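Work through the exercises below with the model open. Try each task before reading its solution.

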Amino acid sequence: METSNERLSKIIKYIKRPFVLFSLSLILLGFIFLIIQKVDNRKYDKEVTAVVTSVSVSKDKDGDNKYQAHCEYQINGKTYNYETDTTSKRISEGDKIKVHINSDNPEKTNKIWYKKIAAVFFFFGGALFLGSFYHE
């Protein structure tokens, strides 16, 4: 029967593999980008309602519709424009969507780019980590 020291030694030996270290580094980068997103979100302190003024429709590689809304919102009588990311969710002219803006700079909207980057690091880091179990 294995002792706890022998088990710990095997775990440490496994973690020291370059493939595992690289995958864990990618996952760590994902967490760092999530923290950056959390800090960045503080700049976007006001939620406003934007009205969809027009919609662009395109097809993806599978032939499914992709929608991108062109919106307007008003702050203190001034109109600002906003475009959504492309989505498969149907959007129609006149729909209302919530937008987070910077109250000191109302044309700045939160696009959550850091969260998207984090998702990529998590995906590839996780895939490489799981793949490392089959890599000898």
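The model is a predicted one.

**Exercise 1.** Find how many helices and strands the chain has, and the pattern they follow.

*Solution.* Start with the count. The chain holds 3 helices and 5 strands. Now read along the sequence. The pattern is α-α-β-β-β-β-β-α.

**Exercise 2.** Compare the radius of gyration of the chain with that of a compact globule of 136 residues.

*Solution.* Take the globule. Its radius of gyration would be near 14 Å. Take the chain. Its value is 22 Å. Then look at the box along the principal axes. The C-alpha atoms fill roughly 75 × 40 × 20 Å.

**Exercise 3.** Work out what share of the residues is buried, and what share of the accessible surface belongs to carbon and sulfur atoms.

*Solution.* Buried means under 20% relative accessible area. Of the 136 residues, 23% are buried. Next comes the surface. The chain has about 9900 Å² of accessible surface, and carbon and sulfur atoms account for 58% of that.

**Exercise 4.** Locate Asn76, then decide: is Asn76 buried or exposed?

*Solution.* First, the place. Asn76 sits in the loop between strand S2 (65-75) and strand S3 (78-83). Second, the backbone. Phi of Asn76 is near 50 degrees, a positive value in a residue other than glycine. Third, the accessible area. The relative value for Asn76 is 82%. Exposed means over 50%, so Asn76 is exposed.

Methods:
Residues are numbered from 1 along each chain as its sequence is written. This is a predicted model: local features need pLDDT of at least 70, side-chain atom pairs count only at pLDDT 80 or more; totals for chains, interfaces and linings use all residues. Side-chain values use heavy atoms; hydrogens and water are left out. Helices (H or I, at least four residues) and strands (E, at least two) are DSSP runs, numbered from the N terminus. The radius of gyration is taken over C-alpha atoms; the globule rule is 2.2 Å times the number of residues to the power 0.38. Buried means under 20% relative accessible area, exposed over 50%, partly exposed in between (1.4 Å probe, protein chains only). Accessible areas come from the Shrake-Rupley method with a 1.4 Å probe; for residues, only the protein chains shown count as cover.
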